[in-house]
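The structure is shown first, and the account then begins from a single side chain.

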Amino acid sequence: MSAGPLAGVTVLDLTQIYNGPYATFLMAMAGAEVIKIEPPGGEQLRRRHGDGGATLPFAMLNSGKNCVVLDLKAEEDRAALLRMAAGADVLVENYRPGVMDRLGLSRDVLRGVNPRLICASGSGYGGSGPYRDYPAMDLVVQAMSGVMSITGEAGGPPLKAGPALCDFFAGIHLYGAIVTALFERERGGPARAVEVAMVEAVYPSLTSNLALLADKGSAFPGRTGNRHGGLSVCPYNVYPAADGHVAIICNHDGHWRAAARYFGHAELIDDPRFLRMTDRVANMDLLDGMVASWTAALPKEEIFQGLAAAGVPCAPVRELAEVVADRHLHERRALLDIEHPQFGAMTVPTSALCFEGIERGLRWPSRPLGADQALVPQPGGGKSP
């Protein structure tokens, strides 16, 4: 990869697991020099048992980073971190609030060695408020944020969303906050500290469901299965196909008219039960049943190609193995097949952020623990042997 827009920015990365490492991964892919600082034995994601596939998550989130080891409970290594901070632009951590202070590495201490250092923090609930000290991982934040309460079939139990939504929403927001702070600093402003709470980062994604809550009040149905979270769009569902399932959304009247024509039922376009979106929503059960009867007789790929050609949002429900091999994602270099020097053949993502004139790719695969220890400055200005 050629130098990116963050070339020349040095980031000290104290993060672990998913949300913080994704923020710093995006920075590394944008050209920043990211120095991943791990405790002896490595961060938690590196230490997860390989049989559970932990090698792939670590490789996905830590390519393009340099890796050093520091024991921040040891005075000598804390001093080494402060020497590194003196020449850095950003320090990112996602410890529980208060940990950095207990280590003697508060924002005031860090700013004392480098007033231009941007201190960035990710956590479950933020650095203040009554939930501040609660331990947080993606599952519990999905529960606390309401994500689980609206996931699942109507009348069924709450379910977690399959992806680690709260972790990665928070990581994206943390990246945005850091880059925004860098922009302000480079225009002559202060080196402002930033923080992102997982529970707050995921809240806007509840928009459709919140609209339904505001509309229904005590009659709010909660989980809506594969239907629109606000129950205000129809057709909007996952329908059976002859060989699987297909997702179809008719977001406006034009979509519905095109879908009705494609399935050979143009006579329903002027049917008063389905004329406008409000009519279709009022007759949702009836219309969903009709669409399901149409889709069940056709292969999902045929439905997809036909509706897409008609301009209707639609997609076959695909298995993960199909997505990993997706030719579109590989052609765009969003996914790359690599031979990892430690873990062997694997498919890894590049950054979803595309910059004009810069080909998407990996700067280098994730490094072994402590591979770049020479980057740690020694007392008096030298580097580690």
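Trp294 is buried, with a relative accessibility of 12%; buried means under 20% relative accessible area, exposed over 50%, and partly exposed in between (1.4 Å probe, protein chains only). Phe263 is likewise buried, at 13%. The two rings form a tilted aromatic pair, with centres 5.4 Å apart and 35° between the planes. Rings of Phe, Tyr and Trp (its six-membered ring) pair if their centres lie within 6.5 Å; planes under 30 degrees apart count as stacked, over 60 as edge-to-face and the rest as tilted.

This pair links distant parts of the chain, 31 residues apart: Phe263 is in the loop between α11 (253-262) and α12 (277-282), and Trp294 is in helix α13 (residues 284-295). Helices (H or I, at least four residues) and strands (E, at least two) are DSSP runs, numbered from the N terminus.

## Basis of the model

The model is predicted: local features need pLDDT of at least 70, side-chain atom pairs count only at pLDDT 80 or more, and totals for chains, interfaces and linings use all residues. Residues are numbered from 1 along each chain as its sequence is written, and side-chain values use heavy atoms, with hydrogens and water left out.

A search of the whole structure finds nine aromatic pairs. One of them joins Tyr22 and Phe168, whose ring centres are 5.2 Å apart and whose planes meet at 65°, so the pair is edge-to-face. Because Tyr22 belongs to helix α1 (residues 19-29) and Phe168 to helix α8 (residues 165-186), the pair ties together parts that are 146 residues apart in sequence. Tyr22 counts as buried at 15% relative accessibility, whereas Phe168, at 25%, counts as partly exposed.

Ring pairs also link Tyr18, Tyr22, Phe25 and Phe168 into a cluster. In helix α1, eleven of eleven residues are buried, including Tyr22 and Phe25. The helix is followed by Gly31, which has a positive phi near 110°.

## The chain as a whole

The chain has 16 helices and eleven strands. Of its 385 residues, 46% are buried. Its C-alpha atoms fill a box of roughly 85 × 45 × 45 Å, taken along the principal axes.

Among contacts (heavy atoms within 4.5 Å) between residues at least 6 apart in sequence, 67% join residues at least 24 apart.
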